[in-house]
Amino acid sequence: GLERGAKNQFSTFSNFITTINQKKEGIGNRNSPTQLVIPNIKNVRDLPPICLDVRQKQRISLDTLPQELKAPIPPEPSLPIRTKTVKDFQDDVEKAKSSGDWKAVHDFYSTTFDSFLEINAAFKKDTNSPFNTIEDSGINAKFVNVVYDALLNTPQDVQKSVLKGVINSLLQEWKGPRTKDDLRAYCILLQNPQFSNTSTYVIYAHLLRQIAALTEADHHFLVHWSKKISQRRFKQLVDRLLQFISLRLFPAKPEEFPPMVKCTWWIPSATKVLALFNAANSLISPPIISYTDFYNSTLDHIDLMEEYHNWQCYGNSHRFSFCQYPFIISIAAKKVIIQRDSEQQMISIARQSLVDKVSRRQKPDMNMLFLNVKVRRMHLVSDSLDELARKRADLKKKLKVTFVGEAGLDMGGLTKEWFLLLIRQIFHPDYGMFTYHKDSHCHWFRSFKCDNYSEFRLVGALMGLAVYNSITLDIRFPPCCYKKLLSPPIVPCDHNTLVGICDVTLDDLFQIMPELAHGLNELLSYEGNVEEDFYSTFQVFQEEFGVIKSYNLKPNGDKIPVTNQNRKEYVQLYVDFLLNKSIYKQFAAFYYGFHSVCASYALLLLRPEEVEILVCGSPELDMSALQRSTQYEGYQKTDLTIRYFWDVVLGFSLDLQKKLLHFATGSDRVPVGGMADLNFKISKSETSTNWLPVAHTCFNQLCLPPYKNKKELKQKLIIGISNAEGFGLE
């Protein structure tokens with residue numbers, strides 16, 4: 001609606017816009033949005049102060065806000081009386097379309113958006129009610145939606161009148177704290193679809209700046225009101241903010257915007273407002289939209305390490321960094337940050353080893369620069385755990401694996417093979433460390449008690465090594481495990497501090513033991529007398545090595561009956577016992593093992609779901625995507641052999657496709673960036689067609705002889721990928 005004549009549309013507004021900076025000098029910081037306060041973490045190694053993210057925002061409530069944030073609620077000024085209804089407005093629009101006379105519609109828009117008072121008079125559900133609670137914004141959402149849906153189909157002068165009114169509203173002199181009517185007006189203005197057009201970005205930026213500069217208490221109201229917006233409208237608001245950030249970073253037409261040096265506050269303000277929507281999204285279960293909908297892939301193309309280092313150096317100071325708001329950084333970008341951070345740590349550790357060797361006047365050798373793991377296939381687990389235990393000081397060096405008695409050189413392929421086989425054996429039920437739950441298809445920690453939990457620490461170190469060396473693993477832990485792994489994300493200096501303890505719910509238990517969780521849910525919804533019918537106490541029983549043991553969920557729990565009044569407490573304590581307390585020592589060892597390798601501030605950027613993706617990759621194979629990104633050496637993609645190959649592969653079962661991926665790359669998991677990140681290559685093998693295919697897993701390369709027909713190719717390929725353990729040298 002605004003494309004035609006957009007360039008001239010705001011030339012008449014330039015005088016208004018240039019005065020906004022002068023009038024708003026005192027609102028907010030120029031270079032960054034108002035800072036949010038992270039709860040203090042005791043006994044932690046020099047953490048950079050970080051802006052509040054989605055996981056912390058949801059814990060804010062008015063009851064817990066500091067006294068200085070509880071500003072007295074100013075009296076609401078009396079609102080003008082406006083009686084136009086949704087039906088009246090729709091009738092006016094229809095009459096205007098048929099007659100061409102838009103005066104009534106123009107008058108409505110120009111009056112309604114001329115001030116915050118008028119906005120409230122038009123869209124407040126009841127002008128006589130204060131609506132001062134987080135539960136109800138008091139906004140007539142249906143009316144707002146109808147008015148905005150009609151706006152882009154009105155003549156240009158009507159649309160201009162709305163923007164003039166918004167400018168007038170933003171230029172008001174503010175004295176004292178904002179009223180709830182002001183917050184309602186901000187909520188309504190944010191939904192204006194005109195702000196999707198770049199020609200309105202100057203006005204949009206000032207609106208975002210004012211919202212970003214509101215107090216924490218005001219943000220609290222906006223967050224809770226925003227979660228009531230419909231999914232479609234919520235997604236539009238988020239997309240509009242992401243587009244604003246992207247086009248300010250990489251404008252298609254730079255002349256449309258002021259110079260970057262004069263509007264350095266645009267991106268910080270927009271990101272801060274986006275953080276409010278992210279917080280609102282996290283308050284709903286399930287969330288309104290996926291957390292991935294907040295990713296801005298444009299940030300994949302900026303200097304991420306500069307952002308990361310600025311964040312490390314300046315933390316939550318006046319210098320803005322996207323790392324203060326990690327929800328906006330895509331998992332692909334976070335992987336790049338973690339990889340480069342790991343590489344820098346590897347180089348630093350290797351350099352220190354070299355310096356130490358030279359300072360002792362010893363002859364340096366290349367092996368000292370790596371974590372060299374030498375194992376026998378027949379004793380894979382014991383040899384691997386012994387090697388990792390002995391070489392704990394070298395865990396942050398680049399990993400190299402040697403299989404005793406095999407001639408393969410590790411350029412990455414042997415490492416992948418080692419991880420795959422080791423994980424397969426450690427998680428086997430016969431090994432006894434983890435229990436496999438068939439209903440949920442995931443593993444969980446056994447709750448047995450023992451004198452030494454070092455093996456759990458070594459399994460954690462193994463998982464950390466995989467992330468550190470960019471290897472994906474076929475591990476089936478529930479999402480709760482990764483939540484615990486980030487509790488806290490930085491290892492406390494005081495080893496008496498509890499680690500791996502997080503808030504758990506019945507939903508977490510559903511992901512591990514769905515049958516038990518269903519039973520507990522039935523208990524919560526039971527309408528009869530719980531005490532008389534269930535005859536339970538705050539005591540649970542577990543089998544350990546064939547012996548039934550009892551545990552009290554609270555002091556004297558065996559004497560406290562479960563009743564209708566305390567059953568919620570019972571369920572919460574039971575879930576906490578199963579997922580936290582009963583496996584504390586096992587998981588604490590696992591936690592310390594993982595962080596002994598992966599200790600990095602970069603972990604503070606990650607959600608639990610993102611840690612899982614980094615560890616496990618994606619289990620979903622898209623062979624068509626692999627076909628599109630495959631490179632060829634000696635073949636053309638139109639060659640008959642290659643056409644046979646893809647006809648066969650695309651017709652394979654999922655199991656055979658995974659075997660092919662494992663055969664060619666050393667892993668059957670898809671990396672974070674998708675199939676394209678595999679850099680898969682098919683090379684022509686100048687050998688007899690009697691030979692089987694050969695793979696170089698270090699380079700994700702498949703060497704394929706020029707088989708004469710599809711049947712022969714399929715037969716040889718299946719034999720090759722089904723017998724693919726062990727390495728040799730050609």
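Among the elements that cover the buried residues of helix 7 are helix 4 (86-99), helix 5 (103-112), helix 6 (116-123), helix 8 (156-170), helix 9 (180-190) and helix 12 (231-249). Here buried means under 20% relative accessible area, exposed over 50% and partly exposed in between, with a 1.4 Å probe and protein chains only; cover is judged by contact, that is, heavy atoms within 4.5 Å. Helix 7 spans residues 141-151, and eight of its 11 residues are buried, so the rest of the structure largely encloses it. The buried ones are Phe143, Val144, Asn145, Val146, Val147, Tyr148, Ala150 and Leu151.

The model is predicted: local features need pLDDT of at least 70 and side-chain atom pairs count only at pLDDT 80 or more, while totals for chains, interfaces and linings use all residues. Residues are numbered from 1 along each chain as its sequence is written, and side-chain values use heavy atoms, with hydrogens and water left out.

The protein chain has 29 helices and 10 strands. These are DSSP runs numbered from the N terminus, with helices (H or I) of at least four residues and strands (E) of at least two. Of the 730 residues in the chain, 51% are buried. Among contacts with a separation of 6 or more, 74% are between residues 24 or more positions apart.

Helix 24 (residues 584-598) is also mostly covered, with 12 of its 15 residues buried. Its cover includes strand 4 (442-445), helix 18 (454-468) and helix 19 (479-485). From first to last C-alpha, helix 24 reaches 20 Å, close to the 21 Å expected at 1.5 Å a residue; the expected span is 1.5 Å times one less than the number of residues.

The largest nonpolar core has 185 residues, and Tyr109 and Trp418 have the most contacts inside it. Such a core is a set of buried Ala, Val, Leu, Ile, Met, Phe, Trp, Tyr and Cys residues joined through side-chain atoms within 4.5 Å. A second, separate core of 28 residues includes Val648, Leu656, Val670 and Leu678.

Ile328 sits in the loop between helix 14 (304-314) and helix 15 (331-359). With 0% relative accessibility, Ile328 counts as buried. Residues up to four places away in sequence aside, Ile328 touches Leu242, Ile245, Leu274, Phe294, Tyr295, Asn296, Leu299 and Phe322. Thr271 lies 57 residues from Ile328 in sequence, with 8.2 Å between their C-alpha atoms.

Four strands form an open sheet in the order 7-8-10-9, with mixed pairing. Strand 7 (631-633) and strand 9 (694-696) are at the edges with a single partner strand each, so one side of each has no neighbour in the sheet. Strand 9 and strand 10 (residues 701-704) run antiparallel and are joined by three bridges; two strands pair if DSSP finds at least two bridges between them. Ala695 has Leu702 of strand 10 as its bridge partner.

Most residues other than glycine have a negative phi, and most peptide bonds are trans. The table lists some backbone exceptions.

| Site | Backbone value |
|---|---|
| Ser285 to Pro286 | cis, omega near -5° |
| Ser487 to Pro488 | cis, omega about -5° |
| His441 | positive phi of about 55° |
| Ser470 | positive phi of about 60° |

His441 is in the loop between strand 3 (434-437) and strand 4. Ser470 is in the loop between helix 18 and helix 19 and is partly exposed, with a relative accessible area of 35%.
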